[in-house]
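Let's walk through this model together, starting with the whole chain and then moving in to a few local details. Keep the structure open beside you as you read.

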Amino acid sequence: MKSGLVKKVIFIIGVSGCGKSSVGKLLADEIAIPFIDADDHHPLSNIEKMSNGIPLNDSDRMPWLDDLNEIALKHLDTGCVIACSALKEKYRARLNKSSQPNFAWVYLKGDYELIFDRMSKRKGHFMDAEMLKSQFETLEEPENAIVIDIADSLELITKRIKSQLKISHKMKSEIGVIGMGVMGKSLSRNLAGRGHRLAIYNRHVDGKEENIAVDFKDAFSELDQALPFDDLKAFVQSIERPRKIILMVNAGPAVDAVLNDLSEVLLAGDIVIDGGNSHFEETKRRIDEMKKKGLFFIGTGVSGGEEGALKGPSIMPSGDKEAYSKVQKYLESIAAKDSDQRPCCTYVGSEGSGHFVKMIHNGIEYAEMQLLAECYSILKTQNHSNDEIADVFESWMSDLGSYLLGISVDILRKKEGDEYVLDKILDKAGNKGTGKWATGSIADSGAPSTMIPAALFARYLSFFKEKREAASKVFPTKHDHSEQISISILKEAYQFSRIVNHHQGFSIIERVSNQNGWNVDLSEIARIWTEGCIIKSDFMKELVEYLKTDSSLLVNEQLIPIIKKTHSAAQTIAMECIRREIHVPCLLEAVNFYHGIKTAHSSANLIQAQRDYFGAHTYKKKNDPSGNSYHTIW
Ligand code: 6PG
């Protein structure tokens, strides 16, 4: 194992009461390596003897010294401070059986009177004069140790030790990152590149994950000053307080496992930021659990994939506002910048609102991706080549520009040899779960945001490849190519569907924010989504203004004429797709939702009547403002 700052094992030795533990702890803290108190490592038999007032003999001590030797060897790469009386030369020889050059010895020297006086003044501590005397009688002063006079203050003592051991004063890290996966690495390079003193940690798993943080640091020049660790305690101790630690581990049980380990070593007031795609309710639970331990937890949506994390993602933090104010400068410095150079990072609200907003971001992303896939599908059935479809999409960039449209152009054009890469990709769309969560929240909240579920189920349907192949043989599709679908009409249909998708996405955020009292500022969310994230687009930039006045995009004065204009194109494409048997669930859902939301008098009265008929569920009457419930004997 490698890692750490000062790669030395420093033994602090001396008689009881010389201050070994206090000096050792302070020294370890200052140079950011672990502290080990030898007394905590006695075997049970020694503990029993001592608690019965029986002094230890040499054969009691030897196995304990051997254990300490092993502990020391394990810390060779990270360095550590071990406080151990080690009064006799043979004890010290046993502690360093293999004569390690990286073992250093510090002898805290003081006379009997001084130590006795100090011990007697210590509250709740009593040192028998005879016992202290016997310690001095046993003591064989070391020859090869740095001798430090204990008459000085703790600070001066540690300063002397550092100077004699030639340990330069290392500044602690400002912030740490746990988890050197793709996103963790990119975020770490981003943080270090902005001049933040950084500690990085990746767990050690024999044969699988070894020296990850060290190797990663060595690979990138911006990480020159970063401190790499695979020892969690040493990592935490290398960070200044209150500690600020960003977790970039897989959402789910891994987050709880790391938090569990971290809770053992963090101190009150320390702050952990979860930058993964965690479920917002889990985030709320974690905030509460950490709070009980005096720790702060901030759930943070981070969007932008690998490149975004490296160059500037969109960041959606939530949780305790005061704790956020302590990490704000770091998150803002690494975030993408909007067109006014403001960071695409904003405090979303309390609880898990940041992860909620990120989840809906992903839902909107699912529907945006599906809409592009549907346009691709329509154009393919018209026998357009990939390059031609890329040309079409590219021509849309000037007024419907978005990150997802842009990457689709690149994807459609990409060839390996003579073959398009896209044509070689199996048509089964995967998902990591945020679309499923978004769909669940939509259902829970009672919002009619139908395009996200439609996009999710389109992915699920794609997975049934074998069933689709079988059904395609039984029910062959009759594509009618007699008339070309107009590209300009398709473009308008795409534009219309995107408006509905964004309307639905922001509506669900507004609804759940109201239900939870989060006060999410929709315009500010649109602003931090104008750069850095996967759904950044020219349209999103327009929404920043629109959402300042209208939380419903369907009533926005600027959008109303566009919706009216593009609706008939969406209708035409929807009808053509049905006629030509092209599967376009998101486009149909956009059109259908629009028809539903503008139906003043719907057929839900029949549903209510049916419910009342078979279940006496009652109904309300149109012209009864009292809201009374009625039941009919049908
Ligand atoms: C982002 C992305 C990112 C990732 C999601 C979606 O904003 O950077 O949304 O979070 O791509 O995990 O993944 P799935 O499509 O696999 O659900």
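Domain bounds here come from an automatic or database domain assignment. For this protein, that assignment gives domain 1 (9–164), domain 2 (175–351), domain 3 (364–595) and domain 4 (601–634). Please keep in mind that you are looking at a predicted model.

Begin with the overall dimensions. Along its principal axes, the C-alpha trace spans about 105 × 70 × 50 Å. The radius of gyration of the protein is 33 Å, whereas a compact globule of 634 residues would have one near 26 Å. As for the spacing of the domains, the C-alpha centres of domain 3 and domain 4 are 36 Å apart. In secondary structure, the protein has 27 helices and 14 strands.

Now let's turn to how some of these helices pack. Two packed helices are described by the angle between their axes and the distance between the axes. Take helix α15 (residues 353–381) and helix α16 (residues 386–400): they pack at an angle of about 130°, and their axes are 10 Å apart. Angles over 145 degrees count as roughly antiparallel and 65 to 115 as roughly perpendicular, so α15 and α16 are oblique to each other. Their crossing is right-handed. On the α15 side, the contact involves Leu372, Cys375, Tyr376, Leu379 and Lys380, which meet Asn386, Ile389, Val392, Phe393 and Trp396 of α16. By type, the residues of this contact divide into eight nonpolar, one polar and one charged.

Helix α20 (residues 451–463) packs with helix α26 (residues 585–597) at an angle of about 160°, with the axes 9 Å apart. The crossing of α20 and α26 is right-handed. Met451, Ala454, Ala455 and Ala458 of α20 make the contact with Pro585, Cys586, Glu589 and Ala590 of α26. These contact residues divide into seven nonpolar, no polar and one charged.

Finally, let's look at the backbone in two loops. Most residues other than glycine have a negative phi, and most peptide bonds are trans. Where does Ser99 sit? Ser99 is in the loop between α4 (89–95) and β4 (103–109), and its phi is near 45°, a positive value in a residue other than glycine. Further along, a cis peptide bond joins Arg241 and Pro242, with omega about -5°. Pro242 has its place in the loop between α10 (232–237) and β9 (244–247).

Key:
Residues are numbered from 1 along each chain as its sequence is written. This is a predicted model: local features need pLDDT of at least 70, side-chain atom pairs count only at pLDDT 80 or more; totals for chains, interfaces and linings use all residues. Side-chain values use heavy atoms; hydrogens and water are left out. Axes are lines fitted to C-alpha atoms, for helices over the stretch in contact, and angles run from 0 to 180 degrees between N-to-C directions. Helices (H or I, at least four residues) and strands (E, at least two) are DSSP runs, numbered from the N terminus. Angles under 35 degrees count as roughly parallel, over 145 as roughly antiparallel, 65 to 115 as roughly perpendicular and the rest as oblique. A crossing is left-handed if the near helix is turned anticlockwise from the far one by less than a right angle, and right-handed if clockwise. Contact means heavy atoms within 4.5 Å. Ala, Val, Leu, Ile, Met, Phe, Trp, Tyr, Cys and Pro count as nonpolar, Asp, Glu, Lys and Arg as charged, and the others, Gly among them, as polar. The radius of gyration is taken over C-alpha atoms; the globule rule is 2.2 Å times the number of residues to the power 0.38.
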